Amino acid sequence: MVPAGGSFPLGFILFSFLLVLLGCQAERTNVGLVYEITQPDLDKIFHLAINKANEDNEELQFHGVSVAIEPGNSFETSKKLCKMLRQNLVAVFGPTTNLAARHAMSICDAKELPFLDTRWDFQARLPTINLHPHPAALGVALKDMVSALGWESFTIIYETGEYLPTVRELLQMYGTAGPTVTVRRYELDLNGNYRNVLRRIRSSSDYSFVVVGSLGTLPEFFKQAQQVGLVTSDYRYFIGNLDWHTLDLEPYQHAGTNITGLRLVSPEDEQVQEVAKALYESEEPFQNVSCPMTNSMALIYDGVQLLAETYKHVNFRPVPLNCGDDSSWDKGYTLVNYMKALTLNGLTGPIRFDYEGLRTDFELEVTELTVSGMQKVGQWSSVDGFQQERPAPAHSLEPDMRSLVNKSFVVVTAISEPYGMLKETAEKLEGNDQFEGFGIELIDELSKKLGFSYTFRLQPDNKYGGIDPKTGEWNGMLREIMDNRADMGITDLTMTSERESGVDFTIPFMNLGIGILFRKPMKEPPKLFSFMSPFSGEVWLFLGLAYMSVSISMFVLGRLSPAEWDNPYPCIEEPTELENQFSFANCLWFSVGALLQQGSELAPKAYSTRAVAASWWFFTLILVSSYTANLAAFLTVESLVTPINDAEDLSKNKGGVNYGAKIGGSTFTFFKESNFPTYQRMYEFMRDNPQFMTSSNQEGVDRVENSNYAFLMESTTIEYITERRCTLTQVGALLDEKGYGIAMRKNWPYRDILSQAVLEMQEQGLLTKMKTKWWQEKRGGGACSDADEDAGAVALEISNLGGVFLVMGVGSFFGIFVSLLEMVLGVKERSDENKVNFKTELMDEIRFVLQCSGNTKEVKYPKNSSRSIASSKSKGSSISLDSLPEDTPEAKGEDGEE
């Protein structure tokens, strides 16, 4: 009831809002994080990972709950974690300091709540998942690296006793009879003063050091090592901390010291770069020597993704926990075991656990500090050990580059999207400003790299160039180059043996092949009886046989079982007849009712009929469930039909598809010179049917869109077209492999310089970025990708369900027909039995039916009781008591005793 004034009371509104808020929180899956206040990046990447997991899975509703603590404060950790446990957590990411982490681990252990640890820890146990590579396996990596470096005598410098298990493998490496391995501890509780230890190390005869310590002490260690003269070209270090790449290494970059280490997070990894860009809101997050993303940050991100992957398979409902009682989450251990059984590729590489739940199988990059920054020199894995991948020494290009400085070249090009195009602008442009495209930008980048200037000139006839078969002369762009009217040629110019005989090319700036451009497969109209598609014809046949077999079994067993013969008149204690409910018609009805999950009024009583009925019910349960599971797919997924799937189909003109290529182009030349039978047939078809050849690629594309026609062209051009024309696609695999290159005169002295520059651009990923820009972003690119993303669920139409309506209509009309037939036969029987006119009786019956009212009907011709009883007998479903065997005298005597 609304109170006077037309507004609800404030208390009612607040109570409703509270209910809504609690309902929203109940739907969320809360994940906890306890982090040190000195490491705010852990909280940032934690929430970034939560958002990423929710974006990748719309059904997932992870919600991050994080609290900050003072480093190493175990009391604050316990207090805040206990408060968090009341919020229905499914897992907790622990702090990175040992004391606080152990307290948090103990609480989660008592509550059986999954605890995800990112520390260097030997003592991982349920319900803890330690994502950090196990220290024992890291010890094996250190041993392998020292062996690969060829160190015989070296010093192990460790921080505290907790790092000794990691260097155990190094201590046992040579045994008692081998070279001397010295061990020194540098953290002696002297307020961070390590100089005394470092001076003793400098006075020793060792020049090779394995340093194992924490990220908090290593910066000061190297600073003091430099102060005492241990960071020079005479010394070499191997760092056993996987976070060493996050240190500020610039002060030691030019010292000449060989500093090598292992890292778990690779800054070159695309996934790492994507996360770093989002985390630091910068397009270039790794600009200096060090990489700011620590292992703990990456492991927290991977842990959230692992938890999200687990929740794709299980969906346990968390419960609030209280540190003051004995409550625990009974699903915690199960969730942990499931997580440990998964494999995931994350920021720290492949994540997988062994039978003990430890991360002993992992991959590490071996990196070395050079004057140009951190450089990868190899790879270590627990399976293959150390694999050296040291790059070859770079050759300086300065002498060759100077030969191009201040040079000026004429570059000929042709209009061909997206390699060379005229800018779409209302302003009048002249010179180089009027052109744009992939090829135009490529020349511009090369000019900036090598220091030359250029002038673009458009090919008048837009021909790329080749030998004219009639005149035997070169034409097109290649003729311009050969006649010294141009220095270079750039467009989608394919490198062929014929063209190589007249001009030179750089190395390919783009690799491709010949593809088939055709319209996208058309959706096949659904079949009328598509609802029968979930089962094959064989299954439907055996289903019918099973139906008939069960019905017959019920009929026979019902007649054999005494329990199925009942007294039809309960008021008569000694009936003369017994009745059986399982007539053959009723058995059919019982079976079909169970099959359609509707049931019937018939209930078996004997053990035999119940056994058959139970097996039939189980059979129909599985069958109907399987049918329902497959039905949605068959009704919603529309089959795609295309007349051709590859070049073999095209050569046979399947579906009446005609095809062609550009006249005089490299594609046509490929088929002309090919010895493969399929390609020979295709060449003969194109040669004998010149009407299917085109003078340009655009003409071929238009034909594909407007007729039953396939066009043969380069795959990169097909990619460009299919990004903009959503009705077209590439059919089949590529027919060959080739590349586009920059054309130039034979023996031109700058060929190698340009090829070297193109190769560098490929290695730097610049060519890939340029292709993405011109294929998927400029001039309407990406339109078809957006269209595919917007495509969602489609409503079912009448064509999908036409068969279902047909079955319903046929069944209804059949019922009407049977009903009319029953009425006519009933009238005929009454008219013959009572000697009345059939027509008069039929008209009376029809008039009564047409009244459409009343649920009672008067009996016009009552029958006597004897006839009524006789007529009530069901043929085959009743039995007389006289036919049953009489009791024996002994039985009578026993019955008569009192």
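**A tour from cysteines to a threonine**

Start by selecting Cys587: at a relative accessible area of 0%, Cys587 is buried (buried means under 20% relative accessible area, exposed over 50%, and partly exposed in between, with a 1.4 Å probe and protein chains only). You are looking at a predicted model, where local features need pLDDT of at least 70, side-chain atom pairs count only at pLDDT 80 or more, and totals for chains, interfaces and linings use all residues. Residues are numbered from 1 along each chain as its sequence is written, and side-chain values use heavy atoms, with hydrogens and water left out.

Next, select Cys82 and Cys323. A disulfide (a pair of cysteine sulfur atoms within 2.5 Å) joins them, with an S to S distance of 2.1 Å. Cys82 sits in helix α3 and Cys323 in the loop between α10 and α11, so the bond ties together parts 241 residues apart in sequence. Helices here are DSSP runs (H or I, at least four residues), as are strands (E, at least two), numbered from the N terminus. Cys82 is buried at 18% relative accessibility, while Cys323 is partly exposed at 31%.

Finally, move to Thr494, in the loop between β20 and α15. Thr494 is buried, with a relative accessible area of 1%. Its contacts (heavy atoms within 4.5 Å), leaving aside neighbours within four places in sequence, include Arg499, Phe505 and Tyr740.
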